[in-house]
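Please consult the sequence and the structure below while reading.

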Amino acid sequence: MITVSIVTYKTPDEELARCLGCIDPARVRRVYVIDNSRSESTKALVGGMEHVVYIGSDNVGYGAGHNQALREVLAEGTEGYHLVMNSDIEFGPDTLGLIEDYMDSRPDVGALQPLVYSPDGSFQYTCRALPTPMDVFVRRFLPEGWMRKKREAYLLRHLDTAATWDIPYHQGSFMFLRLAALRDVGLFDERFFMYPEDIDLTRRIHRRYKTVRWPGARIVHAHRAASYRSLKMTIIHAVNMVRYFNKWGWWFDRERREVNKGLRAT
């Protein structure tokens with residue numbers, strides 16, 4: 001059983017329609033669209049879709065938005081999987097079935113992300129090492145060519161994309177989650193409005209399960225990188241990364257050091 005949640009905020013109808021069109025109702029029991037902007041056009045778009053539940057919400061943030069759906073799913077007490085997904089994701093008709101079959105065969109896997117590509121065919125390094133404050137500073141504020149080795153190490157560019165890797169940080173655009181793992185570790189930490197909520201959740205799952213990048217499926221992500229184009233989003237990013245490092249540790253995070261050192265193929 002798979003359920004899906006998509007958080008929207010002033011999302012173009014065409015984008016959301018394309019995303020929803022990738023989801024096979026025969027494979028997915030229910031899709032939750034959590035609309036943080038309470039858009040009438042979004043509500044009208046999904047209103048006629050039998051397997052889609054519309055939730056009009058205040059702008060509570062990314063993780064808190066998904067938590068509204070996750071609480072409903074977990075309250076049902078069923079087993080299976082939940083997909084946290086952006087509206088700018090597209091994939092083929094067999095993708096979710098391939099992932100579900102793999103997860104069924106690997107009960108030690110709590111979270112999975114397939115290979116992620118841009119619309120132009122370039123690979124996106126969305127599964128990463130746990131970040132240090134320097135990693136965040138380098139990627140966000142230094143010119144692209146500076147400290148190249150450090151950037152590449154953080155993005156795990158050296159890992160073979162043909163292998164399955166147990167990686168502690170999955171970007172939140174597509175997180176295929178085992179419901180049992182969420183019952184064990186909890187939902188998104190709602191102290192984070194946006195950005196590090198995916199790091200936080202993946203590393204908590206990684207403590208008890210494998211969190212893998214799996215090459216058996218691939219998706220397309222039209223990544224917007226809003227914090228690189230908007231001062232407001234840059235500030236939101238910075239504030240929430242401060243909250244993340246306050247929670248887990250700034251320069252002295254022993255778990256981060258050990259987890260990053262222990263990255264391995266599986």
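Which residues point one way from β4 and which the other way? Tyr 81, Leu 83 and Met 85 point one way, His 82 and Val 84 point the other way, and all are buried. In a regular strand the side chains alternate between the two faces of the sheet. Buried denotes under 20% relative accessible area, exposed over 50% and partly exposed in between, with a 1.4 Å probe and protein chains only. Strands (E, at least two residues) and helices (H or I, at least four) are DSSP runs numbered from the N terminus.

The model is predicted: local features need pLDDT of at least 70, side-chain atom pairs count only at pLDDT 80 or more, and totals for chains, interfaces and linings use all residues. Residues are numbered from 1 along each chain as its sequence is written, and side-chain values use heavy atoms, leaving out hydrogens and water.

Strand β4 (residues 81-85) is mostly covered, with five of its five residues buried. Its pairings are tabulated here; two strands pair if DSSP finds at least two bridges between them.

| Partner of β4 | Sense | Bridges |
|---|---|---|
| β1 (residues 2-8) | parallel | five bridges |
| β11 (residues 174-178) | antiparallel | five bridges |

Leu 83 in β4 stands opposite Val 4, while Tyr 81 has Arg 178 in β11 as its bridge partner.

Pro 196 lies in the loop between α7 (179-185) and α8 (197-206). Pro 196 counts as buried because its relative accessibility is 0%. Leaving aside residues up to four places away in sequence, Pro 196 touches Asn 240, Met 241 and Tyr 244, where contact means heavy atoms within 4.5 Å.
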